[in-house]
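Colleague: I would like to learn how to read a few features of a protein model. Could you take me through them one at a time?

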Amino acid sequence: MSLRRTQAERPTPAGSPVRSRRWSQRRRLAGIGVLTATALFATGCSISGSASTSSSTPNSSSSSHGVTGSGSAAGSASGSPASPGAASAAAGAHGVGAPVVHPSCTRPPTTWKSFKAPDAVVPDLPELEAGTNHSKTADKWTYSASQVHQWMAKPQTAPKGKKLVFITFDDGPDSTVTPKELSNLEKAGVPATFFMITPQLQGVPVDLLRRSLRDGNGLDIHSYSHDYKYLFHGDANQRAAHVTCDYDWALAQARAVIGSDYDPSGFRYPGGEMSWNDLSKANAGLAKRGVVPIDWNAMSGDADAHMPTTIPGYVTMVKQSIAESGNPRVVVILNHDIKEKTAEAMPSILAWLKSQGYQFGIIS
């Protein structure tokens, strides 16, 4: 099962060497440490009429979410490393609560128009818990990005006595598919984390975001440009400058819609952090902004070069990728909420995860 695109699909730029390897064969991943997963080039990350996709090669009120298959809560908010809890930021930290302005760096490439910066504090969506990326309801099943990052990098540190799964969706929001995925999650009574290309917030109803927050989902960032050539070209200093500039624009765009108190701590690199070289300085810049990269150790295969064609095929891909990662106690599953077939398969995926005793969480 190859999780990389074919060589013909991915011309290799200087500074981004890539070798085609199977999921279970690549043990050392850039920036993450030892994981038993290999990089995925998200063929599903091309969004028509939305984000730029330059080709480069990457190396509702109370909710029942956060439950196991039997319906118990996903842990108590004790604040211990193995327990979920609020990840509220201190007032003013990382610009929380400040007026929304355009960042001083040059706007990254995108086909979306530049958002309006009010140069004023933007009122929060009613469902947002200030200083977080979710609603207060979600505190019960929210885990910090730094915890999840560590658990994937060092599986032996994962909480014992429980199996945690984080359903993640990249490349949205999308006005057609995202509502379907929200309905899937609502029916299953579980939450997910959405890694957003934030200019697309201009193309969806605000009520969609309110619904997602109300349901207890997490809203994280997947970039402003989603442009490989812009983000990952050049040396480590150039990459750091572009990644952090891109993030600043992405965060400002999100705050212009969600509110000035929106503050995520999880970020997913386009293509995945594990796919690229020379990101240490970029990661340091993100850390200054309170952000930790989050990759994945399992997938539905909806962006694989040989993606499944049937619903059972999607479930099989999830099972197989978890097994090839060594059946870790903490599983982060990559999906895309721009894929109709993924929405069709998601009820079966969630049902299987419940049957295996997984508890569901979101990433702050």
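Modeller: We will go through helix packing, then backbone geometry, then the spaces in the protein.
This is a predicted model, in which local features need pLDDT of at least 70, side-chain atom pairs count only at pLDDT 80 or more, and totals for chains, interfaces and linings use all residues. Residues are numbered from 1 along each chain as its sequence is written, and side-chain values use heavy atoms, with hydrogens and water left out.

Colleague: How are two packed helices described?

Modeller: Two packed helices are described by the angle between their axes and the distance between the axes. Helices (H or I, at least four residues) and strands (E, at least two) are DSSP runs numbered from the N terminus. Axes are lines fitted to C-alpha atoms, for helices over the stretch in contact, and angles run from 0 to 180 degrees between N-to-C directions.

Colleague: At what angle do helix 5 and helix 6 pack?

Modeller: Helix 5 (residues 236-258) and helix 6 (residues 280-288) pack at about 30°, and their axes are 7 Å apart. That makes helix 5 roughly parallel to helix 6. Angles under 35 degrees count as roughly parallel, over 145 as roughly antiparallel, 65 to 115 as roughly perpendicular, and the rest as oblique. The crossing of helix 5 with helix 6 is right-handed. A crossing is left-handed if the near helix is turned anticlockwise from the far one by less than a right angle, and right-handed if clockwise.

Colleague: Which residues make the contact between helix 5 and helix 6?

Modeller: Contact means heavy atoms within 4.5 Å. Helix 5 contributes Ala 236, Asn 237, Arg 239, Ala 240, Val 243, Thr 244 and Tyr 247, while helix 6 contributes Lys 281, Ala 282, Gly 285 and Leu 286. By class, the contact of helix 5 with helix 6 has six nonpolar, three polar and two charged residues. Ala, Val, Leu, Ile, Met, Phe, Trp, Tyr, Cys and Pro count as nonpolar, Asp, Glu, Lys and Arg as charged, and the others, Gly among them, as polar.

Colleague: How do helix 7 and helix 8 lie to each other?

Modeller: The axes of helix 7 (residues 311-324) and helix 8 (residues 340-355) come within 8 Å and cross at roughly 50°. Helix 7 and helix 8 are therefore oblique to each other. Their crossing is right-handed. Among the residues that meet there are Tyr 314 and Val 318 of helix 7, and Ile 349 and Trp 352 of helix 8.

Colleague: Is the crossing of helix 2 and helix 3 left-handed or right-handed?

Modeller: Helix 2 and helix 3 cross in a left-handed way. Their axes come within 11 Å, at roughly 20°. That makes helix 2 roughly parallel to helix 3.

Colleague: What should I look for in the backbone?

Modeller: Most residues other than glycine have a negative phi, and most peptide bonds are trans. His 94 has a positive phi of about 55° although it is not a glycine; His 94 sits in the loop between strand 2 (33-34) and strand 3 (142-143). Gly 172 and Pro 173 are joined by a cis peptide bond, with omega about 5°. Pro 173 is in the loop between strand 4 (164-172) and helix 2.

Colleague: What is the difference between a cavity and a pocket?

Modeller: On a 1 Å grid over the protein atoms alone, a cavity is a set of points where a 1.4 Å probe fits but cannot get out; a pocket is an open set with protein on both sides within 12 Å along at least five of seven lines; lining residues have an atom within 4 Å of a point. Grid points are joined across faces, edges and corners, and a volume is the space filled by probe spheres set on the points.
The largest cavity has a volume of about 70 Å³. Its lining includes Gly 172, Pro 173, Phe 194 and Asp 337. Helix 3 gives the most to this lining, with three residues.
The largest pocket has a volume of about 270 Å³. Of its 13 lining residues, His 94, Asp 248, Leu 251, Ala 252 and Arg 255 lie nearest its centre.
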